[in-house]
Amino acid sequence: QVKRHVELLAKRGVKKVGLLVEDSAAGVSTHDAMRRELPAAGLQIVSDQTFPIRVPDMTPFLRKMRSDGAEA
């Protein structure tokens with residue numbers, strides 16, 4: 001799944017990526033895979049955040065990603 005997602009981002013011309021994953025085993029697994037695959041495809045990670053599973057509002061995380069320069 002991560003490989004396909006990275007391929008899509010690269011195909012769309014995205015260069016700067018923000019990672020936003022949940023604080024869980026699945027989130028850690030996805031995070032680790034993305035940290036390997038994104039640079040291998042020439043994409044730069046500009047924001048790297050983890051959110052609690054029961055967070056009521058994602059807005060602060062999304063604002064941070066935008067201010068960090070993430071395109072996707």
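This tour of a predicted model moves from a pair of helices to the salt bridges.

Begin by selecting helix α1, residues 2-11, together with helix α2, residues 25-40, whose axes come within 10 Å and cross at roughly 45°. That angle makes α1 oblique to α2, and the crossing of the two is right-handed. To see where they meet, show the side chains of Val2, Lys3, His5, Val6 and Leu9 in α1, which face Thr30, Ala33, Met34, Glu37 and Leu38 in α2 as contact partners. Sorted by class, this contact between α1 and α2 has 6 nonpolar, 2 polar and 2 charged residues.

Turn next to the salt bridges, of which the model has 3.

Arginine 4 is exposed, with a relative accessible area of 57%, whereas glutamate 7, at 45%, is partly exposed.

Now select arginine 35 and aspartate 48, a salt bridge in which the closest N and O atoms are 3.1 Å apart. Arginine 35 lies in helix α2 and aspartate 48 in strand β2, residues 44-51, so this pair ties together parts that are 13 residues apart in sequence. Arginine 35 is partly exposed at 42% relative accessible area, and aspartate 48 is partly exposed at 36%.

Finish at lysine 64 and aspartate 68, where the side chains meet in a salt bridge of 2.9 Å, N to O. Lysine 64 is partly exposed, with a relative accessible area of 41%, and aspartate 68 also counts as partly exposed, at 25%.

Note on methods: Residues numbered from 1 in each chain as written. Predicted model: local features only at pLDDT ≥ 70, side-chain atom pairs only at ≥ 80, totals over all residues. Heavy atoms only, no water. Axes fitted to C-alpha atoms, helices over the stretch in contact; angles between N-to-C directions. Helix = DSSP H or I, 4+ residues; strand = E, 2+ residues; numbered from the N terminus. Parallel < 35°, antiparallel > 145°, perpendicular 65-115°, else oblique. Left-handed = near helix turned anticlockwise from the far one by under 90°. Contact = heavy atoms within 4.5 Å. Nonpolar A, V, L, I, M, F, W, Y, C, P; charged D, E, K, R; others polar. Salt bridge = Lys/Arg side-chain N within 4 Å of Asp/Glu carboxyl O. Buried < 20%, exposed > 50% of the residue type's maximum accessible area, 1.4 Å probe, protein only.
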